[in-house]
Amino acid sequence: MPPTPLELATSALSGDRRALARLISCVESRVPGVDKALSALVPRRRQGPGTPRVIGITGPPGAGKSTFTDQLVTNARAAGLRVAVVAVDPSSPFSGGAILGDRMRLDRHALDLGVYIRSLSARGHTGGLSRAAGQIVDVLDAVGFDMVIVETVGVGQGELGVMEVADTVLVVLTPESGDGVQAMKAGLLEIADVFVVNKSDRPGADALVRELELTVHLDMRPGWKAPVHATSALSGLGVADVIAALSRHHEWLKGEGRANWDARRADGRVRTWLDLVAADARDAALAAYTTEQAELRAGTRAPEAMPRPRQVPE
Ligand SMILES: Nc1nc2c(ncn2[C@@H]2O[C@H](COP(=O)(O)OP(=O)(O)OP(=O)(O)O)[C@@H](O)[C@H]2O)c(=O)[nH]1
Ligand SMILES: [Mg+2]
């Protein structure tokens, strides 16, 4: 008999890496019994912006997110912190190029027991990537990591959900993303706690920095104002400033911004629940109504004429 998720959770809590990996796989595919294992971890989940610090890194493909992740990991390790990295690729149904790239870049930490790296692709996900990412962060939290970094490619709606699991979000752009920034300004402002214009060794970086600064400045909402940093992550130029900005945001969350953190976590918990409700309802509907599904497939029944139970199943 393979171990139950609850047994895996117990082993993971005592430091068993293989059990941790298997538990995370259970979370991804929502195997029976995983809900019980996760609810058992509740008392160990963070109740405030303390440990772990959960840092989200997002931005367009190739912007330098993994280079930054690597720098953050190196920095945290130097301070003796245990770090987990969750690399999420919502666009890819496979563990494709981006994730492989992450792997290779982070490979130099592979033998370091203070670092845990996990990639998460869109394949086989029921109940949403953000649901999975959120629950995986909870697991990593419970087993005692000091820092969890969630890297996800893109800056669209899909990534917004994934980034909502983070306490602090770093948006990495490049001079090349200038035009795109216009289109997605509102969305970016919504999620970014720190902006980075990476590859500042290339032309156009200054203009994008000014544009972002102006955008942040014109945002009338009270609270944290996202700083904008120009970096060259490859050479390390400006990276220390970004790390300092991430720490300042963390301090802000602990003080003045505490209500902000509480609200974000509350929303996150509700969203995870609703994702689970939706996933269960979908599974239940697919298992039932087989005749109707055959008619739907044949085109003799409209999707709108399919049964849609509104009762929450027991
Ligand atoms: N010129 C220049 N290249 C950089 C800089 N930072 C990263 N790169 C390069 O840009 C490429 C992409 O870097 P990654 O860190 O993999 O970017 P990413 O955002 O994680 O990419 P995906 O995960 O594939 O979306 C790599 O070849 C890096 O070496 C920089 O500051 N300047
Ligand atoms: Mg990457």
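## A walk through the model

Of the 314 residues of this protein, 39% count as buried, a residue being buried if 20 or more other C-beta atoms lie within 10 Å of its own, exposed if 12 or fewer, and partly exposed in between, with C-beta atoms placed from the backbone. This is a predicted model, in which local features need pLDDT of at least 70, side-chain atom pairs count only at pLDDT 80 or more, and totals for chains, interfaces and linings use all residues. Residues are numbered from 1 along each chain as its sequence is written, while chains are lettered from A and ligands numbered from 1 in the order in which they are written.

Let's begin with confidence. The mean pLDDT (the predictor's confidence in each residue, from 0 to 100) is 85, and 87% of the residues reach 70 or more. Over residues 93-101, however, pLDDT stays under 50.

The protein has 12 helices and seven strands; helices (H or I, at least four residues) and strands (E, at least two) are DSSP runs, numbered from the N terminus. Among contacts with a separation of 6 or more, 74% join residues 24 or more positions apart, where a contact means C-beta atoms, placed from the backbone, within 7 Å.

Now look at helix H6 (residues 129-142), starting with its packing against helix H2 (residues 17-29). Their axes lie 9 Å apart, at an angle of about 155°; axes are lines fitted to C-alpha atoms, for helices over the stretch in contact, and angles run from 0 to 180 degrees between N-to-C directions. H2 is therefore roughly antiparallel to H6, since angles over 145 degrees count as roughly antiparallel, under 35 as roughly parallel, 65 to 115 as roughly perpendicular and the rest as oblique. Leu-23, Ile-24, Val-27 and Glu-28 of H2 meet Ala-132, Gln-135, Ile-136 and Val-139 of H6. These residues divide into six nonpolar, one polar and one charged. Here Ala, Val, Leu, Ile, Met, Phe, Trp, Tyr, Cys and Pro count as nonpolar, Asp, Glu, Lys and Arg as charged, and the others, Gly among them, as polar.

H6 also packs with helix H11 (residues 258-287), their axes coming within 9 Å and crossing at roughly 125°. H6 and H11 are therefore oblique to each other. Ser-130, Arg-131, Gly-134 and Gln-135 of H6 make this contact with Gly-268, Arg-271, Thr-272, Asp-275 and Leu-276 of H11. This set divides into one nonpolar, five polar and three charged residues.

Finally, find Leu-113 in the loop between helix H5 (97-106) and strand S3 (115-121). Leu-113 counts as exposed because it has 9 C-beta neighbours inside 10 Å.

Key:
Two residues are in contact if their C-beta atoms, placed from the backbone, lie within 7 Å.
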